[in-house]
Amino acid sequence: MTRDPGAPSVRNPLLIALAVGTALLAAFAVAALTRVPYTVGDGDLAAVRLTWRMAGQAIEDCRTPSEEELAARPAHMRQTEVCESHVPPYRLRVQVDGETIEDILVLAGGAHEDNPIYVYSELRVAPGPHELSVVFAQEEQADGGAGDSMPADRLELHDAIDLAPGQVALVTYDREARTLVRR
Amino acid sequence: MTAIRRLAARLRSACLAILAPADRAMNRLFGHEGNPLYHSGVVVVTLLIVLLLTGVYLLIFYRIGDPHGSVTRITGQTFTGGWIRALHRYASDVAVVAIAVHAFRLFAQNRSWGPRALAWVTGLILLFVLLISGWTGYVMVWDVQAQLLAVEGARWLDVLPIFSEPIGRAFVGEAEIPAAFFFLNLFAHIALPIGMFIVLWLHVSRLARPVLSPPRRLLYGVLGLLLLISVAWPIGMEPVADPLRLPERAVLDVFYTFWLPVTRLMPAWTVWVAGLGLSGVALLAPVWSRPVAEEVREPSWVNPRLCTGCEQCYQDCPYEAIAMLERTDRAGHFYGHVDPAVCVSCGICAGSCAPMGVGPPGMTGRDQLERVEEWLEHMKPGPDQVVLVACEHGAAGAAATAESLSTRPLSEVAAVTVRDAEAAARGAMRALDAAPTAAVFGQPLVFTVPCAGNLHTSVVEYIVRAGAGAALVVACPPRDCWNREGPKWLIERMYENREAELKARVDRRRVRVVNAAPGEERRVRAEIAALGEELARMEAAEAEEGIRIDTICELDESGQPIEAGP
């Protein structure tokens, strides 16, 4: 009675060569598959990227609660005036060489639409010179107009751009100058 | 649900039809000790350690303030950095492949449900964490691929209403990417793998004596190959990410970013739906892949009347499903108790019980004796014949089962018909190409068992004492037992007096064990030939009449098996 010697079954030189070849091929396959070229396909175009964050001009609705409403509230919550505010939507319109390539409504953040507005849009354009026009304007006029201390209710940028293939023209908001700028 | 489970059974059969030839080919090339498909699980542990060690080295030189520059410097180090970085990358790639093979294997082998559900789910979590960790690793380099990955990840996250500001704005080029981003990314890249070791502990928590390292031959082979390819073909550097340039081309790692070309074309919410849907289907495999009720083997059961409290089944159970409880009838004495929620019905305990009082219904030592008795009556092996006692997953058993006329595994058929047994033998012989040896001595016969690990040694004793020339047990490779540890315990029971040992009265010259997986028929052939030559030199085996195998270990004063019970 003998135990299983557990000796390798590979003894034939041809099989040994085949085993070594298979192992090397597997290693080569792993190394090759870790560096597979991928054509993203964006490089022959250019892009206009619009991105900014700004506090929109808010509309505030105030009203005086009725006597019954006040009576139903605890004493410390009986305010004589209740105000709710929201930022009306802005419309973003982008034209390149006079052709509108983007026309969307942008809502303020938050469930009550009272948070800052985030704009992010990336538009593909052909490389070369273009006339770019960006208008970002509030749809509904907010209270108080656009005074120096108020957020802007209308932003505009009209610029000539010349983009190389793959280049991104970044349009963003300059808080100090309170205007759209291109970088 | 029944229809889904029947569909899952078909899918499993299809997977097995892919796995079996692959296993056979690997066994033929590397032998079962070096078959990477068998050891895919433990290979992952080795690779995680490689990742940890190479990662520590890379961490020393990585700078979050200059990610691309620091990785470029590491890559350019004259003697070390280049190949260490490549080794880190290749090891992580092979880890993904190994986990996928491991999961595929367990699904194909019907080991993805029941008490194995925890291992299945934690295994998928390990894969998921590895993929995420790989993602953060690629972002660390901050090349074009990193830019694509970061932008894509941000796009997915930004559809979730949980962030106060869109994450994607960090990568638009409006401002320099904050170092905090690279710090967080690095933190995730380190923390996630540490978490993986905890999940790994959970993954093997239901196993007794979990083995976490591959056989040395395979270990050295995998490490040597990885090292060789790392030195011969190190990883280069791609251009640094530039948010103000549209990437024209990138270099992708298929193992980690295979999804990128597809998801970039999909709206973010559909990526979430598809990802969560696929993950849900995979995680719920223990539910939908469970066989229909009539195909599920019942869990083991201990007959307290026969249990002597020897603790052998408790020690041998590969899943720690057996506990020893104190008897209520005799203080200080114990009996085995199987937890059906943990038992996978492998029947390993059946082979460990000398009085044959434990095992799944129909698989206890007593059931095995009944089967072999009937089989011997039909087949009547002669003194010049070798009986192959073949595990149905091993080299001989798989072929026999495939050739059998039965629609169910032979070992589950209570009464083996002569026609069926002969067909099975023909199948095994064809696979083994045993005709030349059969011409020298008698035609070998095949007796199939569900697992060599639950084979009771009394079956072998019965075959030898019934007059067969010899009994050759054909077991699976030790590290690829479908039921864990079966071949290991079998060897110890046959050769090292492990309870329930092969009795001393059995002529040892007529018993052998060989570990051979499908594809290693050559080993079995060699053993049959060697055994045949020895048989020719031996005196002819004589059949005993009225064979009586002891099935009771301990009797009470009145000669009855000890009564027990909770």
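Here is a quick briefing on a predicted two-chain model, from overall make-up down to single residues. Because it is a prediction, local features need pLDDT of at least 70 and side-chain atom pairs count only at pLDDT 80 or more, while totals for chains, interfaces and linings use all residues. Residues are numbered from 1 along each chain as its sequence is written, and chains are lettered from A in the order in which they are written.

**The two chains**

- Chain B carries 21 helices and nine strands, where helices are DSSP runs of H or I with at least four residues, strands are runs of E with at least two, and both are numbered from the N terminus.
- Chain A has two helices and 11 strands, running α-β-β-β-α-β-β-β-β-β-β-β-β from the N terminus.
- Of the 566 residues in chain B, 46% are buried; for chain A it's 18% of 183. Buried takes 20 or more other C-beta atoms within 10 Å of the residue's own, exposed is 12 or fewer, partly exposed is in between, and the C-beta atoms are placed from the backbone.
- Take contacts between residues at least 6 apart in sequence: in chain B, 76% of them join residues at least 24 apart, and in chain A the figure is 65%. A contact means C-beta atoms, placed from the backbone, within 7 Å.

**Where the chains meet**

- On the chain B side, 46 residues are in contact with 38 residues of chain A.
- Elements giving two or more residues to that side of chain B include helix 1 (2-34), helix 4, helix 8, helix 20 (486-495) and helix 21 (521-537).
- Strand 9 of chain B gives the most to the side touching chain A, with five residues.
- By class, that side of chain B has 25 nonpolar, five polar and 16 charged residues. Nonpolar here covers Ala, Val, Leu, Ile, Met, Phe, Trp, Tyr, Cys and Pro; charged covers Asp, Glu, Lys and Arg; the others, Gly among them, are polar.

**Helix packing in chain B**

- Helix 4 (residues 81-108) and helix 8 (residues 216-232) of chain B have axes that come within 8 Å and cross at roughly 130°. That makes helix 4 of chain B oblique to helix 8 of chain B.
- For reference, axes are lines fitted to C-alpha atoms, for helices over the stretch in contact, with angles from 0 to 180 degrees between N-to-C directions. Under 35 degrees is roughly parallel, over 145 roughly antiparallel, 65 to 115 roughly perpendicular, and the rest oblique.
- From helix 4 of chain B, B:Trp83, B:Ala86, B:Leu87, B:Tyr90, B:Ala91 and B:Val94 meet B:Leu226, B:Leu227, B:Ile229, B:Ser230 and B:Val231 of helix 8 of chain B. The residues of this contact split into 10 nonpolar, one polar and no charged.
- Helix 2 (residues 40-61) of chain B packs on helix 4 of chain B at about 155°, axes 8 Å apart, so the two are roughly antiparallel. Their contact residues divide into 17 nonpolar, eight polar and two charged.
- Helix 5 (residues 117-141) and helix 7 of chain B pack at about 165° with axes 9 Å apart, so this pair is roughly antiparallel too. Their contact has 17 nonpolar, nine polar and no charged residues.

**Cores and buried spots**

- The largest nonpolar core has 71 residues, of which B:Leu388, B:Val389, B:Ile463, B:Ala471, B:Leu472, B:Val473 and B:Val474 touch the most other members. Such a core is a set of buried Ala, Val, Leu, Ile, Met, Phe, Trp, Tyr and Cys residues joined through C-beta atoms within 7 Å.
- Leaving out residues up to four places away in sequence, B:Leu472 touches B:Val386, B:Leu388, B:Arg512, B:Val514, B:Glu527, B:Ile528 and B:Leu531. Apart from that core lies another, of 55 residues, among them B:Val96, B:Trp142, B:Leu149 and B:Val222.
- Helix 19 (residues 457-465) of chain B is mostly covered, with nine of its nine residues buried. They pack against helix 15 (365-379), strand 6 (386-391), strand 8 (470-475), helix 20 and strand 9 of chain B.
- Just after helix 19 of chain B, B:Gly467 takes a positive phi of about 110°.
- B:Met196 sits in helix 7 (residues 179-203) of chain B and counts as buried because it has 22 C-beta neighbours inside 10 Å. Beyond residues up to four places away in sequence, B:Met196 touches B:Leu48, B:Leu126, B:Val129 and B:Leu130.

Terms used
Two residues are in contact if their C-beta atoms, placed from the backbone, lie within 7 Å.
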